[in-house]
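Here is a friendly walk through one model, from charged pairs to a surface patch. Have your viewer ready and follow along.

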Amino acid sequence: HYMLKRSSYADVVATCSVTGLCYVRNDSPFPFKGQVKVEAISLRDGTTDVLYQSELTLSAGAGVTEWFEIQVPDPKTHVIVATVTGTDSSQMSENLLLHTLPKNLTLPKTDVSVQIGEVNEDGTVDITVITDKVSVYTTLTTLAHGRFEDNAMLVTPPSKTVKFVPFGPLDLQQLKDTLRVEDLALYLTQ
């Protein structure tokens with residue numbers, strides 16, 4: 001559900017097909033002003049190339065769509081990320097696009113770890129996911145009652161920080177004892 005929240009369920013979202021035909025769509029009942037950016041991220045070394053970037057003005061939705069095209073990189077060695085931001089730089093959506101089956105990706109073996117921060121004033125805990133290489137579908141799990149603000153995510157070196165949001169009183173020791181991180185490379189590389 002994290003990926004759907006970031007992409008398909010967002011009011012304003014961008015996506016691209018395997019042929020490079022892309023669109024950004026406003027399903028909100030309000031007009032939208034902002035920016036769309038489509039990037040290719042190399043799985044080999046994490047370099048990022050901007051494939052398309054444009055300012056947007058979309059009428060109120062539903063289904064107001066603007067089309068554009070990109071040059072699609074090799075789907076075995078790159079993932080595509082389509083991001084829509086508002087004029088205040090707030091992220092409206094982020095769509096991780098794999099244009100091949102996960103088993104066909106050329107993934108390097110990753111060294112992914114986590115650092116658990118202290119409890120924040122709002123009761124959440126910052127979890128820093130650290131990786132030496134691009135980590136695809138990085139997933140955090142724990143026996144502690146709560147949820148992560150993001151999961152099954154793309155993490156590029158050196159790190160990404162997400163919050164753990166407890167359900168009720170936080171058992172920080174249980175979070176520390178049972179927090180686990182894994183990614184797609186764990187299951188696809190030898």
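## Salt bridges

A salt bridge here is a side-chain nitrogen of Lys or Arg within 4 Å of a carboxyl oxygen of Asp or Glu. Side chains of opposite charge can pair when their charged atoms come close. By that rule, the count in this predicted model comes to seven salt bridges. One of them joins E182 to R180, with the closest N and O atoms 3.1 Å apart.

How covered are these partners? The terms used below are buried (under 20% relative accessible area), exposed (over 50%) and partly exposed (in between), with a 1.4 Å probe and protein chains only. E182 has a relative accessible area of 15%, so this residue is buried, whereas R180, at 45%, is partly exposed. R25 and D27 form another salt bridge, and their closest N and O atoms are 2.6 Å apart. R25 counts as buried at 17% relative accessibility, while D27 counts as partly exposed at 29%. In the pair of D45 and R44, the closest N and O atoms are 3.3 Å apart. D45 is partly exposed, with a relative accessible area of 42%, and R44 is exposed, with 65%.

## How the model is read

Residues are numbered from 1 along each chain as its sequence is written, and side-chain values use heavy atoms, with hydrogens and water left out. Since this is a predicted model, local features need pLDDT of at least 70 and side-chain atom pairs count only at pLDDT 80 or more, while totals for chains, interfaces and linings use all residues.

## The disulfide

A disulfide is a covalent bond between the sulfur atoms of two cysteines. The cut-off applied is a pair of cysteine sulfur atoms within 2.5 Å, and the count by this rule is one disulfide. Look for C16 and C22, whose sulfur atoms are 2.1 Å apart. Which hand does this disulfide have? The torsion about the S-S bond of C16 and C22 is about 110°, so the disulfide is right-handed. Both cysteines, C16 and C22, are buried.

## Two strand residues

Helices (H or I, at least four residues) and strands (E, at least two) are DSSP runs, numbered from the N terminus. N26 sits in strand β2, which covers residues 21-26, and is buried with a relative accessible area of 0%. Contact means heavy atoms within 4.5 Å. Leaving out residues up to four places away in sequence, N26 touches a list of residues including D11, F32, L58, S59 and V64.

T83 belongs to strand β6, residues 78-86. At 12% relative accessibility, T83 counts as buried. Beyond residues up to four places away in sequence, T83 touches Q35, V36, K37, Q91, S93 and E94.

## A nonpolar patch

Which residues make the nonpolar surface patch of about 310 Å²? The patch is made by L186, Y187 and L188. Patches consist of residues with over 30% relative accessible area and no salt bridge, where like charges are joined within 9 Å and nonpolar side chains (Val, Leu, Ile, Met, Phe, Trp, Tyr) within 5 Å. Accessible areas come from the Shrake-Rupley method with a 1.4 Å probe, and for residues only the protein chains shown count as cover. L188 is placed in helix α3, residues 184-188, and is partly exposed, with a relative accessible area of 34%.
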